[in-house]
Amino acid sequence: MAKVHPNLVPAAAVGPAGGERGEEEAAVATTLTVWRKSLLFNCKGFTVFDAKGNLAYRVDSYDSESGDEVVLMDAAGAPAFTVRRKRQLSLQGEQWLVFAGEADQAARRSPVYAVRRSGRGNKSLASVTPCAGAGGASAAYDVEGSYARRCCVVYDGEKRAVAEVRPKEAVGTDVFRLVVQPGVGVSLAMAVVVALDQMFGRPSLLRSWSSYTSPQF
């Protein structure tokens with residue numbers, strides 16, 4: 001069994017928030033094990049491990065009722081991205097906004113990406129588009145597949161697979177893998193997973209949970 005309380009690793013080990021990794025790390029894909037459970041007692045969230053079993057990211061939610069905002073933190077507890085639901089009604093469907101760092105009042109006016117749920121009958125599961133004033137974010141992405149089955153792929157504008165959610169054998173849907181290809185911000189890919197979980201997770205990230213022992217790597 002993997003240890004429940006892994007060693008902390010610097011945030012740089014999995015790449016800066018939304019940015020490119022170092023030259024050596026960029027040569028290979030990054031594989032994370034995502035566990036839909038917080039390590040904190042009586043708290044809901046995500047615990048994410050790198051390929052060596054070290055803590056890479058976490059989400060700890062103390063407010064399980066509203067479900068309007070989720071903060072993705074690195075291993076040291078620093079906010080990497082905040083995923084916040086856009087509450088206003090829209091004909092374009094449910095939408096979650098991604099902010100760099102912690103979503104204070106200034107950041108709320110300047111989201112980096114918008115993750116929008118696609119309509120029924122659409123091949124696309126969701127779209128990820130840069131927001132105006134995103135500060136360098138320009139690539140748009142499309143998500144296809146089934147997040148409920150933990151089997152979906154994120155494509156860039158040239159239809160290249162840049163990230164993939166894969167099921168992990170024999171452990172159900174609360175433990176799965178996230179594979180991120182070189183040149184893509186690992187933190188951003190994880191933020192997209194958080195948004196997908198809010199839109200398609202059953203149960204959703206901030207509500208009810210199943211009980212699991214520590215995942216194996």
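Of the 217 residues in the protein chain, 48% count as buried, where buried means under 20% relative accessible area, exposed over 50%, and partly exposed in between, with a 1.4 Å probe and protein chains only. The accessible surface comes to about 10,900 Å², and 50% of that belongs to carbon and sulfur atoms; these areas come from the Shrake-Rupley method with a 1.4 Å probe, and for residues only the protein chains shown count as cover.

A word on conventions. This is a predicted model, in which local features need pLDDT of at least 70 and side-chain atom pairs count only at pLDDT 80 or more, while totals for chains, interfaces and linings use all residues. Residues are numbered from 1 along each chain as its sequence is written, and side-chain values use heavy atoms, with hydrogens and water left out.

I turn to the fold. The protein chain has 2 helices and 12 strands; helices (H or I, at least four residues) and strands (E, at least two) are DSSP runs, numbered from the N terminus. Read from that terminus, the order of elements is β-β-β-β-β-β-α-β-β-β-β-β-β-α.

The 12 strands close into a barrel in the order β1-β2-β3-β4-β5-β6-β7-β8-β9-β10-β11-β12, with antiparallel pairing; two strands pair if DSSP finds at least two bridges between them. On average, neighbouring strands of this sheet are turned by 20° against each other, direction ignored. Axes here are lines fitted to C-alpha atoms, for helices over the stretch in contact, and angles run from 0 to 180 degrees between N-to-C directions.

Which strand pairs with β1 over 6 bridges? It is β12, residues 175-180, which meets β1, residues 30-35, in the antiparallel sense. Within that pairing, threonine 31 has valine 179 of β12 as its bridge partner.

Because 5 of its 6 residues are buried, β6 is largely enclosed by the rest of the structure. It is joined to β5 by 5 bridges, running antiparallel, and to β7 by 4 bridges, again in the antiparallel sense. Tryptophan 96 of β6 stands opposite arginine 85, and its bridge partner in β7 is valine 115.

The largest nonpolar core has 44 residues, of which Tyr147, Leu178, Met190 and Leu196 touch the most other members. Such a core is a set of buried Ala, Val, Leu, Ile, Met, Phe, Trp, Tyr and Cys residues joined through side-chain atoms within 4.5 Å. Helix α2 gives the most to this core, with 12 residues. That helix spans residues 186-200 and runs at about 30° to β5.

Tyrosine 147 has contacts, meaning heavy atoms within 4.5 Å, with residues including Arg36, Phe46, Leu125, Phe176, Val193 and Leu196, not counting residues up to four places away in sequence.

Finally, the aromatic pairs, of which there are 3. Rings of Phe, Tyr and Trp (its six-membered ring) pair if their centres lie within 6.5 Å; planes under 30 degrees apart count as stacked, over 60 as edge-to-face and the rest as tilted. Tyrosine 113 and tyrosine 141 have ring centres 6.3 Å apart and planes at 40°, so this pair is tilted. The two residues, in β7 and β9, lie 28 residues apart. Tyrosine 113 is buried at a relative accessible area of 4%, as is tyrosine 141 at 16%.

For tyrosine 147 and phenylalanine 176, the centres are 6.1 Å apart and the planes stand at 85°, so the pair is edge-to-face. Tyrosine 147 sits in the loop between β9 and β10, and phenylalanine 176 in β12, 29 residues apart.
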